[in-house]
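Please open the model in your viewer and keep the selection tool at hand. The tour goes from one selection to the next and says what is found at each stop.

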Amino acid sequence: MQEVVLETRGLVKAFGGFRAVDGVDLRVEQGELRSIIGPNGAGKTTLFNCISATLKPTAGQVIYRGSDITGLPLRRIAHLGIGRAFQITNVFPSLSALENVRLAAQALGGDSFRFWVPATRLHGYIDKAMACLATVGLEGRAAFPAAALSHGDKRKLEIAILLAGDPRLLLLDEPAAGMATEQVPELMKTIAELRRSGERTLLLVEHNVNLVMAISDRITVMHQGRVLAEGTPAEIKASEAVQNAYLGTS
Amino acid sequence: MRFLKSNAGGLALVAALIAFPFVLSLLTGEALNTGTPKFWQGMLAQVFILGVYALSYDLLMGVTGVLSFGHAMFFGAGAYTAGILLKYAHWGLLPVIAAVIVVTLVQSLLVGALSLRVKGVYYAMVTLAFAQMFFILAEASDFREYTGAEDGLQGIPVPAWLSPTHERLTFYFVSLAFCVCVYLIVRRIVSSPTGRVLVAIRDNEQRAQTVGFNTFAFKLIAMALSGVLAGLAGMMSALWNLSANAGMLSTGTTINALLMVIIGGAGTLSGSLLGAGFLQLVGYWLNDAFGPRWPLLFGLVYIVIVLFLPYGIIGTWRARRRQG
Ligand SMILES: Nc1ncnc2c1ncn2[C@@H]1O[C@H](COP(=O)(O)OP(=O)(O)OP(=O)(O)O)[C@@H](O)[C@H]1O
Ligand SMILES: [Mg+2]
């Protein structure tokens, strides 16, 4: 059996009396591409927020590579090898695309407390940032301020920032959200390639069920904060519960 | 060579400022150390000192995006530290400078460690409270012996070679050098790996944490740097005035920093220097023309600037140039 990279145990996130995540048990294995699908408001983003320490869970645990990371401060997460791309573009708007990615690379190096050398002289981070931009096809936009990028390019920038952090567990929250339809298959192909033959584990939230079926190893279906079903794409396609709650309606 | 080329404008300005006293003396026919030349050397020396103070605030507010309402506490602390040590401990200038750095460093780290726990308006309020505390301390009659309480600390002995009264030209050049050095230092810091994190925090602090930065530590660094620079500006101001008073620690002094930075353009650094010149010179002319009611008119000028130049003079100019 493969090593379990990420596990959640009885994860709950309540906003007042409302449980956006309501007792989720998740086990994701090394090298897996796991997709999480579910209708709007199912709690997918909130689940990601709990895993990546953006929100503190109300109850339950998040276990990463055997250690309990529940309630760790946000800044520690990237250093553990967990990277996150946000559903709502979340970048440094006034900085160039290159600088956005360079900072993510710098965050994991040991040079951030050097204030007497120009950042442009530390070529390692710049080269790495350029490579990450190239992976998502943004190398031609490196000098553009993030705020001036098109929506689709901002989505790609999200992923480049994530990659610069050398993550081994990648949380991708609707990376194609709002992108032009013809760009989406290309992006999904890039994402599927990110796995690098088992080195990385991917968690993907995506609404386009057909795309998800094509690239995922396993799929978790969420509904009203709970896991409704889990299995291989074929199993999910065949599941009646899923058909009724989700697929049938779309 | 590259430095010369990419800084041609700044170098020309510094050259002009170096020539300024001599040119003015030639034009007016008055000696360097008298009349109009002497007056304008003093005027500009104050601009340079204010400029450093504004720069220190820009590093915190414009570059890092941390809005403080208590910046005056560092300016005042620098002034009082220098004044007390010169007058009562008879220290030399270099040890005094070192002491100002140490005192304001400790002060800004302590205040920062406590106040940076909260964000936004709450942070601003906590810093305001700290500044009020220092203001009250400076006015308290308990320490009259050292601070002069509400009369202020008068008659600070300035080394003869630097006397703003008798060696005005020297004081002018020292202030100019001080301002240029601080500007170059701050600019270098902003372009360093540390400085880039500060800008990232201004843009999106939560994202900076997500990529792995301990933003608290970086904001503390920004506060320490900005506190020390404000302290040095306060020390220079005490040397110029030959005195220190509680007003230096008042909210009005903080507001001045805010005005200078916003007029020039937050986060632009050079804008702070321009803002300092603007505040000092326009303030002077308005006072000349309208008397003590000048702050009212300055308020109007300020409103016009904010309305028509939303990113300040330099900030708006840069934005236009990028577009057009
Ligand atoms: N900070 C918050 N405060 C209150 N309610 C919230 C908060 N964040 C999310 N919710 C609610 O929790 C529920 C789950 O939201 P979440 O964003 O996790 O859904 P999602 O599955 O990601 O949906 P979508 O597909 O639209 O992105 C929604 O009903 C949402 O309104
Ligand atoms: Mg969502």
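Begin by selecting Asp166(A), which is partly exposed with a relative accessible area of 45% (buried means under 20%, exposed over 50% and partly exposed in between, with a 1.4 Å probe and protein chains only). Asp166(A) sits in the loop between α5 (151–164) and β7 (169–173) of chain A, where helices (H or I, at least four residues) and strands (E, at least two) are DSSP runs numbered from the N terminus. Its phi is near 50°, a positive value in a residue other than glycine. Most residues other than glycine have a negative phi.

Before moving on, note that this is a predicted model, in which local features need pLDDT of at least 70 and side-chain atom pairs count only at pLDDT 80 or more, whereas totals for chains, interfaces and linings use all residues. Residues are numbered from 1 along each chain as its sequence is written, chains are lettered from A and ligands numbered from 1 in the order in which they are written, and side-chain values use heavy atoms, with hydrogens and water left out.

Next, select His90(B), in the loop between α4 (72–87) and α5 (93–115) of chain B. His90(B) also has a positive phi, of about 55°, although it is not a glycine, and at 63% relative accessibility it counts as exposed.

Now turn to ligand 1 and display the 13 residues around it, of which Asn40(A), Lys44(A), Thr45(A), Thr46(A) and Gln87(A) come nearest (a residue is near if one of its heavy atoms lies within 4 Å). Helix α1(A) gives the most to this shell, with three residues.

Which side chain has an N or O atom 2.5 Å from an oxygen atom of ligand 1? That side chain belongs to Thr46(A), while a polar backbone atom of Gly43(A) is 2.9 Å from an oxygen atom of the ligand, and an N or O atom in the side chain of Glu174(A) is 3.3 Å from one. The protein covers 61% of the 630 Å² of accessible area that ligand 1 has on its own, by the Shrake-Rupley method with a 1.4 Å probe.

Finally, select Val101(A), Leu133(A), Leu157(A) and Tyr53(B), the residues with the most contacts inside the largest nonpolar core, which has 132 residues (a set of buried Ala, Val, Leu, Ile, Met, Phe, Trp, Tyr and Cys residues joined through side-chain atoms within 4.5 Å). Helix α3 (residues 35–63) of chain B supplies the largest share of this core, 15 residues.

Methods. Polar contact = N/O pair within 3.5 Å; in protein donor to acceptor, adjacent residues only side chain to side chain.
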